[in-house]
Amino acid sequence: MNVRRQTAAVRPELDAAIAQVLDHGMFINGPEVAQLEAELASYCGTKFAIACASGSDAILLPLMALGVGPGHRVLTVPFTFFATGGCIARLGADPVFVDIDPITFNMDPAAVARYLDGLSPEELLRVKAILPVHLFGQCAAMDPINEVAARYGIPVIEDAAQAIGAEYKGHRAGSLGWCGAFSFFPSKNLGGLGDGGLITTNDADLAAKLRILREHGSEARYFHRMVGMNSRLDTLQAATLLAKFRHLDAWTASRRAHAAIYLDQLQLGQVQGLLLPRQSPECLHVYNQFTIRVQNRDELRDRLAAAGVASAIYYPVPLHLQECFAGLGYKPGDMPHSEAAARTVLSIPVESSLTDDEVRYAADRINEALSY
Ligand SMILES: *Cc1c(COP(=O)(O)O)cnc(C)c1O
């Protein structure tokens with residue numbers, strides 16, 4: 001994605017935000033951090049928001065708050081960015097993968113129920129959390145996931161890294177589970193000038209614990225009742241994110257308008273074997289990615305590259321088949337929908353800084369390439 005264009009468009013506001021921080025000099029825990037937390041809590045519809053150093057830490061910290069460690073299991077999907085599963089494994093726990101719904105690319109609630117229903121009471125005690133991902137900017141089917149989670153008393157952590165502003169039944173991502181994890185990686189819908197993350201929650205106890213964990217586990221400085229880490233959001237990042245946040249709704253509207261052009265133009269093309277992303281009726285999709293599926297994906301990718309249209313494969317290898325997770329014992333064929341997605345997906349340009357003509361150009365090249 002073209003980060004430079006977006007940066008150039010808001011450059012004066014970024015310069016002003018940076019100058020303000022340089023002037024007051026509170027580089028750690030400056031006032032912009034608390035302001036960003038307050039504004040994003042309100043935007044997501046939660047009581048609390050806790051900023052941290054990355055989206056990965058925004059997943060890791062709630063798992064730490066739950067005491068997740070060796071011998072524990074956390075349920076998630078294999079078709080996602082590595083961090084989702086990596087954070088579970090970093091704490092010494094086992095990621096347990098359940099397959100996705102092939103239409104939405106998101107966690108299949110029936111697969112969660114099948115897994116949990118099959119466990120003995122002792123095994124159930126080891127399952128510490130369910131971690132659905134709102135992939136590509138569309139929320140997972142949260143009602144049925146929450147329902148089965150509640151039946152077994154297991155907390156749900158939303159990996160909302162790609163889904164700021166996305167809605168499920170009129171409620172925003174980050175307010176749909178026990179807590180939500182967001183990322184400000186530059187290519188996300190609200191991208192910073194580097195790494196950053198944030199956790200949203202309505203649970204006051206969790207919010208308090210997360211604030212302690214992100215500062216080495218110390219509530220009063222130099223006294224530690226628990227072991228935390230250094231995972232603060234820099235004041236400079238918070239200040240520039242606040243400036244960019246003013247544009248988020250307009251940028252989301254632009255992504256959705258670009259998606260509408262693709263849905264219209266690619267359908268007109270009537271090409272064989274092309275699957276377009278589908279917005280579920282209960283969702284508002286914010287299109288962090290516009291991801292199509294085609295059988296001859298690699299050929300299409302080459303043709304688009306030759307025509308000057310950038311595309312990307314998110315994600316070529318599902319997590320259950322990653323080398324580092326070989327010890328978990330999964331094999332090809334275990335997660336057929338995730339594996340099929342990994343073979344056929346292609347994400348095409350949808351970011352807000354594109355012009356409508358550029359989107360139409362990309363759509364035309366895809367229709368051309370596929371109508372052979
Ligand atoms: C980006 C992303 C993360 C991790 O965020 P970072 O800020 O890069 O650490 C986690 N999960 C998903 C689904 C992501 O897309």
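1. Shell around the ligand, by element. Helices α4 (55–65) and α5 (82–90) each supply at least two residues of the shell around the ligand. The largest contribution is that of α4, with 3 residues. Helices here are DSSP runs of H or I with at least four residues, numbered from the N terminus.

2. Basis of the note. The model is predicted, and local features need pLDDT of at least 70, side-chain atom pairs count only at pLDDT 80 or more, and totals for chains, interfaces and linings use all residues. Residues are numbered from 1 along each chain as its sequence is written, and side-chain values use heavy atoms, with hydrogens and water left out.

3. Shell around the ligand, by residue. The ligand is surrounded by 16 residues, of which Gly 55, Ser 56, Gln 162, Ser 183 and Lys 188 are the closest; a residue is near a molecule if one of its heavy atoms lies within 4 Å of it. By class, the shell has 6 nonpolar, 8 polar and 2 charged residues. In this scheme Ala, Val, Leu, Ile, Met, Phe, Trp, Tyr, Cys and Pro count as nonpolar, Asp, Glu, Lys and Arg as charged, and the others, Gly among them, as polar.

4. A polar contact is a pair of N or O atoms within 3.5 Å. Gly 55 places a backbone N or O atom 2.7 Å from an oxygen atom of the ligand. Gln 162 has a polar side-chain atom 2.7 Å from a ligand oxygen atom, and for a polar side-chain atom of Ser 183 the distance to a ligand oxygen atom is 2.6 Å. Of the 380 Å² of accessible area that the ligand has on its own, the protein covers 93%; accessible areas come from the Shrake-Rupley method with a 1.4 Å probe.

5. Cavity. The whole structure holds 1 cavity of 30 Å³ or more. On a 1 Å grid over the protein atoms alone, a cavity is a set of points where a 1.4 Å probe fits but cannot get out, a pocket is an open set with protein on both sides within 12 Å along at least five of seven lines, and lining residues have an atom within 4 Å of a point. The volume of the largest cavity is about 70 Å³, a volume being the space filled by probe spheres set on the points. Its lining includes Phe 105, Phe 136, Arg 278 and His 285, and divides into 5 nonpolar, 5 polar and 1 charged residues.

6. Second largest pocket. This pocket has a volume of about 240 Å³. It is lined by 13 residues, and Glu 215, Ser 218, Glu 219, Arg 221 and Arg 232 are the closest to its centre. The lining has 4 nonpolar, 4 polar and 5 charged residues.

7. Backbone points to check. Most residues other than glycine have a negative phi, and most peptide bonds are trans. The peptide bond from Tyr 314 to Tyr 315 is cis, with omega near 10 degrees; Tyr 315 is in the loop between α12 (297–306) and α13 (336–344). Asn 29 has a positive phi of about 55 degrees and lies in the loop between α2 (11–24) and α3 (31–44). Tyr 222 has phi near 75 degrees and is in the loop between α9 (204–213) and α10 (235–245).

8. Accessibility. Buried means under 20% relative accessible area, exposed over 50%, and partly exposed in between, with a 1.4 Å probe and protein chains only. Asn 29 is at 38% relative accessibility and therefore counts as partly exposed, while Tyr 222, at 66%, counts as exposed.

Terms used:
Polar contact = N/O pair within 3.5 Å; in protein donor to acceptor, adjacent residues only side chain to side chain.
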